[in-house]
Amino acid sequence: MGERFTSILAAVLAGAAMCVATAQQRWIASLSDRGLPAPGARWLPWSDDERHPANRVFQLTFFVDFVPAEVGFALPAESTRAAEHGPDGRYFGKRAGGPADRRLFGGDGLQLPRESFSESEAKALRDALDALSGDAILSLRAETAACAFLQCDLLRMARRLLDTGSNPELLAPLLQAARRLALPRATLSDHELSTFSIAQAATIEPEIEPSRLVEIERRSTRLFDAEHSLLWSRVFLEWPTTATRQLREELAAVAAGEKPSVPVGARAILIQGIVALDDQGKPCATDLAIDVRLQRFVGALDALAAAASTTRDGVDFRVFWLERETLRRLAGKTTIADFRELHDDDQVLFRDYGTPKHTTLSAQCTLCHRTSGTPEPELAGFPLLRKHAQPRIASSPRARMELAERQFATFFAELEAAAK
Ligand code: HEC
């Protein structure tokens, strides 16, 4: 990931020196805390006016200054412990957080760091949500993409509070503000909202042949179930022409109970995008993608390439998240080049297992996508190829979007009941 990142950074630097300067001040660049939000940085996701109620909601929900429940041994400061923990220490090693681990987490990214609110924070959030009305809402409603993204943030916060059982008093104000941001289905269905298309993949990785990418439907884990993520997720695979079994045969073999055999060079692209709530109270999967992940099986035979991969045992990832502020500044006209590419060593507060854990991006991805030290090495880091995930060629480009709408509806019914 490193070299490509540097070349992209150079291109960005040449094109937009100003933007990078701001980004560097916002995301810490020094290794010890790389990728965490810089304390004191200014974030203006929804408006140039820092005090705009939408910015205040963002400040209160997308940042948390606290002691994480868990600290991963992948962090630079934990390297001694990782070494003592054996070969897998970097991914699996972790300890409980203590007062010295207190940090500011969050920022204009994908992961929602908040678990709950103190009484005074809850009051501030209520005030900001109430202020999200009248003129403040009118201008937001004129920007479909921003409106859908902000609404998704509010609903994800509500989802989190349902999950943690905290601050039930905030559910109704979050729901009401989300409803005030609800747009007509025809507006939300506009393909102009698209922020990423599969054809763009080749612009960031020229070896990708978009015409060979095949969408796969599958039975998702909770991680990619819109009842929990509130996002649709689509996966495309590219199988090398040199593979002994072509993709269709491979999927048939998996369905028949055979172990998958993943050829070196196999690729996946995972895209997650926003399911919005329309003005009739119905979910609408929009074309607004906010998370793009590229995956490539490097294989273990080329030891150098494997060691340089994200998992360090043969699976390489590149991760791109769309910043809200970028979307606003470009008035929704973005391509993948406008997304923020994360670095393997960037630190994030993850809660994939329900517990806030401070670790690096690569260590987190490696937990579920490694090829060694796992009972299922044949997956080669592609859990989608598990038999019970029922991977199959997608029946239509809308299938995963429609599934996400049904899953979202389940969440929304739960929220409506809880917010009464
Ligand atoms: C908690 C386990 C877990 C973690 C952590 C995780 N994933 Fe996954 N990932 C999965 C599962 C399970 C699937 C299979 C698809 C599904 O469930 O719908 C998957 C699928 C994918 C795919 C599609 C192809 C495939 O099957 O591998 C990509 C790409 C991907 N993940 C990227 C990432 C990246 C990048 C990270 C780190 C930011 C990450 N994942 C972290 C569990 C995880």
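Two residues are in contact if their C-beta atoms, placed from the backbone, lie within 7 Å. Where pLDDT is low, the predicted coordinates should not be read in detail.

So much for the caution. This is a predicted model: local features need pLDDT of at least 70, side-chain atom pairs count only at pLDDT 80 or more, and totals for chains, interfaces and linings use all residues. Residues are numbered from 1 along each chain as its sequence is written. The protein chain averages a pLDDT of 93, and 94% of the residues score at least 70.

Seven strands form an open sheet, in the order 10-9-8-7-6-5-13, with antiparallel pairing. Its edge strands are strand 10 (340–341) and strand 13 (392–393), and each pairs on one side only. Two terms here. Helices (H or I, at least four residues) and strands (E, at least two) are DSSP runs, numbered from the N terminus. Two strands pair if DSSP finds at least two bridges between them. In general, strands of a sheet pair through backbone hydrogen bonds, either parallel or antiparallel.

Look at strand 8, residues 283–297. Buried or exposed? 14 of its 15 residues are buried, so strand 8 is largely enclosed by the rest of the structure. Buried means 20 or more other C-beta atoms within 10 Å of the residue's own; exposed means 12 or fewer; partly exposed is in between; C-beta atoms are placed from the backbone.

Arg-293 sits in strand 8. It counts as partly exposed, because it has 18 C-beta neighbours inside 10 Å. Leaving aside neighbours within four places in sequence, Arg-293 is in contact with Leu-270, Phe-317 and Val-319.

What flanks strand 8? Strand 7 (residues 267–277) is joined to strand 8 by 10 bridges, and the two run antiparallel. Arg-267 has Arg-296 as its bridge partner. Gln-272 has Asp-291. Strands 7 and 8 form a hairpin with five residues between them. In the turn, Gly-281 has a positive phi of about 80°. Strand 9 (residues 315–321) is joined to strand 8 by seven bridges, also antiparallel. There, Phe-297 stands opposite Val-315.

Next, the ligand. 23 residues surround it; the closest are Ser-220, Ala-268, Cys-365, Cys-368 and Leu-384. A residue is near a molecule if its C-beta atom, placed from the backbone, lies within 6 Å of it. Which element gives the most to this shell? Helix 16, with six residues. Helix 16 (361–369) and strands 7, 8 and 9 each supply at least two.

Last, the core. A nonpolar core is a set of buried Ala, Val, Leu, Ile, Met, Phe, Trp, Tyr and Cys residues joined through C-beta atoms within 7 Å. The largest one has 96 residues; Ala-148, Leu-174 and Ile-274 are among those that touch the most other members. Its largest share, 12 residues, comes from helix 8 (residues 144–164). Apart from it lies another core, of seven residues, including Phe-73 and Ala-363. In soluble globular proteins, nonpolar side chains tend to be buried together.

How values were computed: pLDDT is the predictor's confidence in each residue, from 0 to 100.
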